[in-house]
Amino acid sequence: MKFPLWMRKLFVAFVAVMTLGTVIPTGYLADEKTEPSETYQEESHLLLDPLDEPVKLSDPTENATDWPKIAAQIPSADLVDHFVTYASSQSEEQGLSKFGDIISTRVGHQYTESIVPKVTEVIAASVADLDADEIRSLRLTESPSGGYGERILHVYNEQNGEDLLRFHVRRDHPPQDGYWFNFHYHAANDNFEEHYEVGKIYWDKNTPPKWLS
C-alpha cells in the first residue's frame, strides 16, 4: 500500500525525533525528486580520495595554518600540485595584504598578473623533489611585515623549523628615477645569500606609503 507523501513525511519526522536524529528512513521519501542543479553544486566541492570516498576540502582562502588539514585529505601522489596551488593562492593574498589599501589599489593587479605566477613557478621547482612527509610538513608564514620590512611570505618545514624559501619585496629608488617595488626571493640551497629577482613594479616619483598602511 502506498501512503500519501504528507503521511510519509510525518513518519520520517516521527522516527527522527524518537531516535534523536540517528536514524532517518529516507526510503520513505523516494518519490521526491532532487533537482540536478542542487546535486551538481554539492558534488562540485568534493574530491575523491584513494578509496573513492568523497571528502570536502578546506576553503583555499582560509589561513595558512589550514594546510595540514588539506594535506591530510590529499593522496600522496597529488600533494605537490595541491601545495603549489595553495601556496600560490597564499602568496597573492598575503602580498595584497602587505600592500595595504593604497598600494594594493594602484598596483595590486600587476602583482597578481605578473609577480604571483613567477612566485608559483619558484615554489613548484623548489618542492618538486620533496617526499610526501616533507610536503605535509611545509608551512607558510601568515603575517607579512609592515613598515619598511621586506617579508611577504616564507615557506618553512615545521618539523625542523628551517626555511625553504623567503619571498620579499624591497623599495628601490634609483637616482633620477621614481620608486620601484623589487620582488625577489632567497633560497636555503645557498644559505639565503643570493638575491633572486622575480620582477619589478613601478610606483611613482612620490614616496610610497609604509607596508600594511
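Is Q176 buried or exposed? At 82% relative accessibility, Q176 counts as exposed; here buried means under 20% relative accessible area, exposed over 50%, and partly exposed in between, with a 1.4 Å probe and protein chains only. This is a predicted model, in which local features need pLDDT of at least 70, side-chain atom pairs count only at pLDDT 80 or more, and totals for chains, interfaces and linings use all residues. Residues are numbered from 1 along each chain as its sequence is written, and side-chain values use heavy atoms, with hydrogens and water left out.

**Stop 1: the whole chain**

Display the chain as a cartoon. It contains five helices and seven strands, where helices (H or I, at least four residues) and strands (E, at least two) are DSSP runs numbered from the N terminus. From the N terminus on, the order of elements is α-α-β-β-α-α-α-β-β-β-β-β. Of the 213 residues, 35% count as buried. A contact requires heavy atoms within 4.5 Å. Among contacts with a separation of 6 or more, 48% are accounted for by residues 24 or more positions apart.

**Stop 2: the nonpolar core**

Select F83 and F183. These are the residues with the most contacts inside the largest nonpolar core, which has 37 residues. Such a core is a set of buried Ala, Val, Leu, Ile, Met, Phe, Trp, Tyr and Cys residues joined through side-chain atoms within 4.5 Å. At least two of its residues come from each of α3 (67-71), α4 (79-127), β3 (138-140), β4 (151-157), β5 (163-172), β6 (179-187) and β7 (196-204). The largest share, 15 residues, is supplied by α4.

Now centre the view on F83. With neighbours within four places in sequence left aside, F83 is in contact with W67, I123, V127, I135, L138, L140 and V155.

**Stop 3: the aromatic rings**

Show the side chains of Phe, Tyr and Trp. The structure holds 11 aromatic pairs. Rings of Phe, Tyr and Trp (its six-membered ring) pair if their centres lie within 6.5 Å; planes under 30 degrees apart count as stacked, over 60 as edge-to-face and the rest as tilted.

Select Y111 and F183, a tilted pair with 5.4 Å centre to centre and 40° between the planes. Because Y111 lies in helix α4 and F183 in strand β6, this pair ties together parts that are 72 residues apart in sequence. Y111 is buried at 2% relative accessibility, and F183 is buried with a relative accessible area of 2%.

Y185 belongs to strand β6 and Y196 to strand β7, so parts 11 residues apart in sequence are tied together. Y185 counts as buried at 16% relative accessibility, whereas Y196 is partly exposed, with a relative accessible area of 29%.

R106 lies over the face of W203, at 4.0 Å from the ring centre, and R171 lies over the face of W211, at 4.4 Å from the ring centre. A charge sits over a ring if NZ of Lys or CZ of Arg is within 6 Å of the ring centre and within 35 degrees of the ring normal.

**Stop 4: a position on α4**

Select S88, found in helix α4. At 15% relative accessibility, S88 counts as buried. Leaving aside neighbours within four places in sequence, S88 is in contact with V116 and T120. The C-alpha atoms of S88 and E121 are separated by 9.0 Å, although these residues are 33 residues apart along the chain.

**Stop 5: two loops**

Most residues other than glycine have a negative phi, and most peptide bonds are trans. Return to Q176, in the loop between β5 and β6. Its phi is near 60°, a positive value in a residue other than glycine.

Finally, select F192, in the loop between β6 and β7. The phi of F192 is near 65°, again a positive value in a residue other than glycine. F192 counts as buried at 18% relative accessibility, whereas Q176 counts as exposed at 82%.
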